[in-house]
Every structure is written in C-alpha cells, then in structure tokens.
Amino acid sequence: MLPVAIDAMGGDDAPAPNLAGAHAAVADGIPVVLVGPADLAGRDGANGVLDLIEASEVIGMHDDPAGGVRKKKDSTLVRAAEAVRDGKASAMISAGNTGATMAAALLRMGRIKGVKRPAIATPIPVPGSTPTVLLDAGANAEVQADWLVQFAQMGSIFAHHRFDIENPRVGLLSIGEEATKGDSLRKETNELLANTPGINFIGNIEGRDIMTDEVDVCVTDGFTGNVVLKTLEGGMKTVISALLEAFDAPEYKEHADALMPALLPLYTALSPDTYGGAILLGVDGVCIIAHGSSSADAMRNGIGVARDMVEHDITAEITAAIAATRS
Amino acid sequence: MSANKIERDEILQIVRDSLSDILEIEPGTISEGQSFVDDLDADSLALIELVEALEEKVGERAGDFRIEDEDLEDLKTVRDAVDYVFENAND
C-alpha cells in the first residue's frame, strides 16, 4: 500500500512523538512518509531516516483553520492532504490544529459526492466492550436532520470496520428515550432515521448510555458532541486522578498494589492513546485527527487505524452508501 | 466581440454550480439575492470551498484570478460574489 502521510509538526510536543510513532509504525510493517521541513531528517533520531515530503510552514494550534490553509499553502497539513489527493499517500494523520486538519482535508482531498458535511467520529471507551463511536464530535456546530442521517450511515460503516461490529446499533442522543423527546431537530431526525434503510436505528439514547454496551454509534450535532467528548475526558481524568491520590495513602498502599493488576487494563481501556484519535468521515480519503497531546503510542495506533481503514476501503463504502440513499 | 474576458451570466452560472456542489442543493433554487449564511446555511468552511472553486474555475476561463482574504467579509450574498468576480476577473 501507499504510505501514510504523517504531519510531523502537528501537536503540542511535535515533532518528537510523531517521529517516534512513525518509526514504531514502520516496525509494525506500515509504510509511512513524514511531511515536514527539510531539516527534519537531522532530527529523525537514531532509528534511521524516513521518507520525507518537504513542507516549510506549520499551521499553529491557534491559527484560524480555513485562513491557515489558504495562507500557508506550503504547510505540513496542506502538503499531507495534497499527498493523499495526488496519490502519493494512502491516508493522512495529524495531531495538529483540528479545524485546520479538517479544512485541509476538505479543501484538498475534497468531499465525497453527496455528503452534505464531513463529521468527526471519535471512539468513546466502554469498559468490557467495544467503544461507542461518537459523531459529530465537533466539525459542525449547527446541523440539519438529513446531515445527521448521513452521520449515522458513515458512523455505522466506521464502527463496522474499526471494531468489527457486524450490524452497529445507532442511537440518536437526546434527553429521553421516547421518540417524542427532544427539540424539533431530534424529533425530525428520529423519524428520518427510523425510515432510512441500512441503518440499525435503536431510537433515542441518553448521555448515560454512551459509555455502556447499549449502543455502538451515537449520533449528534457537533456542538453537543464536542461538549460530551470534553466532559467525558475531563470527568475520567478527574476520577482517575482522585483514585490514584487515594491509593497513594500509606494505609491503602498494600491493598492498592493488590488491585493494580485488575485496574491497569481498565486504565488502558479508558486512555485516549489506545484508540489513536478520531477520523474525519465524508472526505474523499482517510484522514485521522489525533489528539493534540498524542504520545508516540497514540500516533502509532492512529497510523495503524489509518492503515486499517485504507485496507477496508472505507471511503469507497461510504461513497456507495451515500449514493444508494440519494438515488 | 465582447471586451470582457468573462460575462456576468457565465459567472452567475459558475457560482450557482459551485454552490450546488458544495451545499448539495439544486442550482435552480439559488438566486442572486440570497445570503450565503442566512438563506443557504453555508458555514465558513463552505464559503472557503466556494472561494477556492471560483478561483479555479474563473481562473481557467479568464486567466489568473484570486479573491483576496480581506475582501471575503464583504461577500455576503450570491450577488456580492458575482459582482466581485465580474469586476476583478475583467481587470
């Protein structure tokens, strides 16, 4: 397969975790190409030098997304998206500015024909089960009912291939399980989803259902989705910190050490690094949006997800599903 | 023979076709008086998609053409965009 293009300069601690993740991915047998400045080779560590697409500019974490893409045409993000568009890379991944990653992918790779708006799909960990795919996690603050139906279609295809779920259960996030609960957007969307073939729609779900095995794909607008995502991330971080602090007390240390073998796998399951980031669905190619604070492990996992989605040809499957419901 | 490199009607058609592709709506439903944001539900990314599409398509017809970023906030309606392109592509 063609290499996965890695935005070497994206992320809070770039380029170190991106380079380490890239080398780890190569060790996993995944071809990669770095996108970064010409002198990156000199910083490429002791593990050998990876292929490089040169890009002299970086779109910063706080730059205006669309403006950054228009002004910085030789940026790592733009060049990575162009590499996919031009058939030099099979997919792209960045831990940089999320909005700019989305803008670069949309403007350079293009939108799949018929897709109203791309959406960001993020796996939410579920202890003891496969994650729940949450979309939209922030691409579209305001949406329409037919966009949400497309999010359901795209999220189902992603959940099927990413987590090997045969017929993913789709829930519409609302404030009550009954179809009549929620605002006018949710009510209209509920009816549309119930009447769209090919979607295993189980009805409305509530926030408390997201981290359970009751649902596989949680569909919502990007504003709500982003609030949900950040709330869960912050909540989990707080709970884990509180637990670790309690375990650290001398009187509990012996008991805490005994519990660790049971708790560590849970910690891994709840860590964002495990899933390697989100995917931008609806653009004409595979684009992985990694967390800004991604570690080398997170990048490695994200590159692995990119490879898997390319091998499953998820873009072609979404194209076919959208075309089928348009005709 | 016209003195213009590209006529206004042709620009309107390019704007309509581009918006139709970007917003997934019928070209016939797009009129000059419509606001991109209020009437057509175009978000900021959709507007940038439109700008890039216009630069490419108008550039192919009338030679190198660019919409300056500082002018973008003045382009609020379909008519604004058509007038801007007509004026600047025929300079």
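**Entry 1: where A meets B**

I started at the chain interface: eight residues of chain A are in contact with seven of chain B, contact being C-beta atoms, placed from the backbone, within 7 Å. This is a predicted model, where local features need pLDDT of at least 70, side-chain atom pairs count only at pLDDT 80 or more, and totals for chains, interfaces and linings use all residues. Residues are numbered from 1 along each chain as its sequence is written, while chains are lettered from A and ligands numbered from 1 in the order in which they are written.

On the chain A side, α2 (65-71) and α4 each supply at least two residues. Helices here are DSSP runs of H or I with at least four residues, strands are runs of E with at least two, and both are numbered from the N terminus. By class, I noted four nonpolar, two polar and two charged residues on that side. For the classes, Ala, Val, Leu, Ile, Met, Phe, Trp, Tyr, Cys and Pro are nonpolar, Asp, Glu, Lys and Arg are charged, and the others, Gly among them, are polar.

**Entry 2: α2 of chain B**

Next I looked up what covers the buried residues of α2(B): the list includes α2 and α4 of chain A, together with α1 (8-23) and α3 (78-89) of chain B. Buried means 20 or more other C-beta atoms within 10 Å of the residue's own (12 or fewer is exposed, in between is partly exposed), with C-beta atoms placed from the backbone. Among the buried ones are B:L45, B:I48, B:L54 and B:K57.

I also checked the length of α2(B), residues 44-62. Its 19 residues should span 27 Å at 1.5 Å a residue, and the end C-alpha atoms are 26 Å apart, which agrees; the expected span is 1.5 Å times one less than the number of residues. After α2(B) comes B:G63, with a positive phi near 90 degrees.

**Entry 3: α3 of chain A**

How many of the ten residues of α3(A) are buried? Nine are, so the helix is largely enclosed by the rest of the structure. They include A:R79 and A:E82. The cover includes β1 (4-7), β2 (32-36), β3 (52-54), α2, β4 (91-94) and α4 of chain A.

I then took the pair α3(A) (76-85) and α4(A): they pack at about 35 degrees with axes 9 Å apart. The axes are lines fitted to C-alpha atoms, for helices over the stretch in contact, and angles run from 0 to 180 degrees between N-to-C directions. In this contact, α3(A) residues including A:L77, A:A81 and A:R85 meet α4(A) residues including A:A104 and A:R108. I get eight nonpolar, one polar and three charged for the contact. Just after α3(A), A:G87 has a positive phi of about 75 degrees.

**Entry 4: two domains in A**

Chain A splits into domain 1 (1-111 + 282-313) and domain 2 (116-279), with bounds from an automatic or database domain assignment. Their centres, over C-alpha atoms, are 25 Å apart. Domain 1 puts 22 residues into the contact and domain 2 puts in 17. On the domain 1 side, α4 (98-109), β11 (286-289) and α9 (296-311) each supply at least two residues, and α9(A) gives the most, with eight.

**Entry 5: A:L281**

Last, I looked at A:L281, which sits in strand β10 (278-281) of chain A. A:L281 is buried, with 28 other C-beta atoms within 10 Å. Leaving aside neighbours within four places in sequence, its contacts include A:P118, A:M154, A:F158 and A:I318.

Conventions
Two residues are in contact if their C-beta atoms, placed from the backbone, lie within 7 Å.
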